[in-house]
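Me: I am new to this structure and would like to learn how its features are read. May we begin with the aromatic rings?

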2 protein chains.
Amino acid sequence: MGVQIGTQSLQFAEAPYIISSANIVGKKEGEGPLGNCFDVVGEDDIFGQNTWEEAESTLQKEALAMALGKVHMKKEEIRYLFSGDLLGQDIATSFGVMDYQVPLFGLYGACSTCGEALSLGAMCVAAGYAEYVAAMTSSHFASAEKQFRFPLEYANQRPLSATWTVTGSAAFILGKKRSKARITGITTGKIIDYGIKDSMNMGAAMAPAAADTICTNLTDFGRKPEDYDKIITGDLGTVGKEILLDLTRQQGFDISGVHEDCGILIFDSKKQKTGAGGSGCGCSAVTLSAYFLNKVEEGRLKRILFVPTGALLSTVSFNEGKTVPGIAHAVVIEHAG
Amino acid sequence: MGVQIGTQSLQFAEAPYIISSANIVGKKEGEGPLGNCFDVVGEDDIFGQNTWEEAESTLQKEALAMALGKVHMKKEEIRYLFSGDLLGQDIATSFGVMDYQVPLFGLYGACSTCGEALSLGAMCVAAGYAEYVAAMTSSHFASAEKQFRFPLEYANQRPLSATWTVTGSAAFILGKKRSKARITGITTGKIIDYGIKDSMNMGAAMAPAAADTICTNLTDFGRKPEDYDKIITGDLGTVGKEILLDLTRQQGFDISGVHEDCGILIFDSKKQKTGAGGSGCGCSAVTLSAYFLNKVEEGRLKRILFVPTGALLSTVSFNEGKTVPGIAHAVVIEHAG
């Protein structure tokens, strides 16, 4: 069960455990600063498939297979799957998880989807609706470029504020069985729109949503930034990070000492020419799975706030001159002794 | 709280109530057999906006405003919103609900989304995570044609097996406060793929998923078809209905005496030239809200199984030669005396 805290948060009385997680990334992510942390790094980004979309579906399939394999679980033990991706009509998810034959709640929260999936999964386990659920997301550089910008063959240029969609997927298995990390609370985000219209500056579009969710979390739980060893946003990149630090400061919280951004961590942006950093549903998911979760399990981080951040646009909304609103969902993850 | 029943179902101990619902549809739906039942029928389908997408967002905005208004509730009383639509990246939802500033779980289940939203909303209330939540979906004929087929100006032709996307949205407010209808259980669907590749025959693509979810529900709850006054699929249309009746019969359940399909009910297909019937996220949502829910509230229907059905495709998956898998989520709605 969970208790309603403040305006937007829940605290779980019997906090669900993160029993297993696994991740798989593309070649470029493997060459980045976190390269050694990932479970699987692809030799190329097509993963033996015929299309980029099939490649992305394969990422989800493999991530879930590995997450199950690590704890010797069968797919039949997973009662619900919470998953989503960036593609129109969530097709990477549909074709990725179809063969598992697990009841599916399809999600769309742009790059915040990992937070949404972990939140709903934790709510489900904490309420006793399932022994085990899986939460998963993916993104793929080539399928995202094709959808949101131009096919790769077009070789279009990008401003420095643009981010680089991460090719990767991570799966998390949540349950009541004890492990060394648990989800103790969540803060579900509202859509925040500061009127940004530049789809090549997603960091600026998402930072206000991240600031709102983080400040609401701190207020709802009565915590200071230092009560978290890390506050980790999804994919704001270098441009969005500055805006986030400013906006949270304006609301009375200095998070600069504990803030990290998965988009900044996953690439060496200067060397790898990834602009302002990494982005995509997969960015925060693989960084949590490969990099931060271990530290929580080992107790090197006692309590973190994981805040994937999403930009709510489509090519249609963009071409019709709409703004790019943001949303961010926060998940409190704590070391379990 | 809820109890796990069988392989895919939950039964709610303290079943959440459907406290309010409201619906709004376009001109053609208003001219159909259910025309007198809807809360609002638009004079045209643009609803005072500049684009079809904005028109669809307006449907969501209005539906939720009316659902709140009917029970004199403020938006601040809604703790979570579960909503989705058919457009790429859920933009009808994002721009429709943004102004409400309610924490949002964005969903994608194709035309099954109303079932998904009601399921997650009911789970949330039954677990004590919220006093009130709202579940909502929308679709719009013109925005869907533009996205999945051709812009209206193209005047393309359609086979008789094709369905007509409903222009409409319905919102449901769920909570612990007593009303005359409650959600007593759910059965969450798996993705079912029979290899159909014809995007102009969605009924055939979705019928196997509907059959699977309905038979699973009957098995999980140990019920016969007659234990439901109605088993109501979302938008199978005339072609899909025949397949559904065959497939359920093969699994030992004759549902022909109690089956209804929202897609068949909402249009007079011969007169209105809507092919096999209505479809879209809005189809099942407005038909439940405007037509069936009243009957449950008045006790003329004691127990119904509401099963919105979705076809999981995008133009990209279709053009890449992929199949059109289906998914269906079932919600048990009972009269509360």
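Predicted model: local features only at pLDDT ≥ 70, side-chain atom pairs only at ≥ 80, totals over all residues.

Me: How is a pair of aromatic rings described?

Reply: Two values are used, namely the distance of the centres and the angle of the planes. As a case, Phe12(A) and Tyr129(B) stand 6.2 Å apart, centre to centre, with 80° between the planes, and the pair is edge-to-face.

Me: Where do Phe12(A) and Tyr129(B) lie?

Reply: Phe12(A) belongs to strand E2 (residues 9-12) of chain A, while Tyr129(B) is in the loop between helix H4 (113-126) and strand E7 (132-139) of chain B, so the pair joins two chains.

Me: Is Phe12(A) buried or exposed? And is Tyr129(B) buried or exposed?

Reply: A residue is called buried when its relative accessible area is under 20%. Phe12(A) has 5% and is therefore buried; Tyr129(B), with 1%, is buried as well.

Me: What kind of pair do Phe141(B) and Trp164(B) form?

Reply: Phe141(B) and Trp164(B) are stacked, with 4.0 Å from centre to centre and 5° between the planes. The pair links distant parts of the chain: Phe141(B) is in helix H5 (residues 141-148) of chain B and Trp164(B) in strand E8 (residues 164-165) of chain B, 23 residues apart. Both Phe141(B) and Trp164(B) are buried.

Me: Which residues do ring pairs link into a cluster?

Reply: Tyr80(A), Phe82(A) and Phe105(A) are linked in this way.

Me: Let us turn to chain A as a whole. How many helices and strands does chain A have?

Reply: Chain A has 11 helices and 17 strands. Its radius of gyration is 18 Å, close to the 20 Å that the globule rule gives for 337 residues, so chain A is as compact as a globular protein of that length. Of the 337 residues in chain A, 69% are buried.

Me: What share of the contacts in chain A with a separation of 6 or more comes from residues 24 or more positions apart?

Reply: Such residues account for 77% of those contacts.

Me: May we end with a single residue? Where is Ser317(A) placed, in which helix?

Reply: Ser317(A) is in helix H11 (residues 315-319) of chain A. Its relative accessibility is 1%, so Ser317(A) counts as buried.

Me: Which residues is Ser317(A) in contact with, leaving aside its neighbours within four places in sequence?

Reply: Ser317(A) is then in contact with Lys322(A), and also with Ile91(B) and Phe95(B) of chain B.

Conventions. Residues numbered from 1 in each chain as written. Chains lettered and ligands numbered in written order. Heavy atoms only, no water. Helix = DSSP H or I, 4+ residues; strand = E, 2+ residues; numbered from the N terminus. Buried < 20%, exposed > 50% of the residue type's maximum accessible area, 1.4 Å probe, protein only. Contact = heavy atoms within 4.5 Å. Rg over C-alpha atoms; globule rule 2.2 N^0.38 Å. Phe/Tyr/Trp six-rings, centres within 6.5 Å; stacked < 30°, edge-to-face > 60°.
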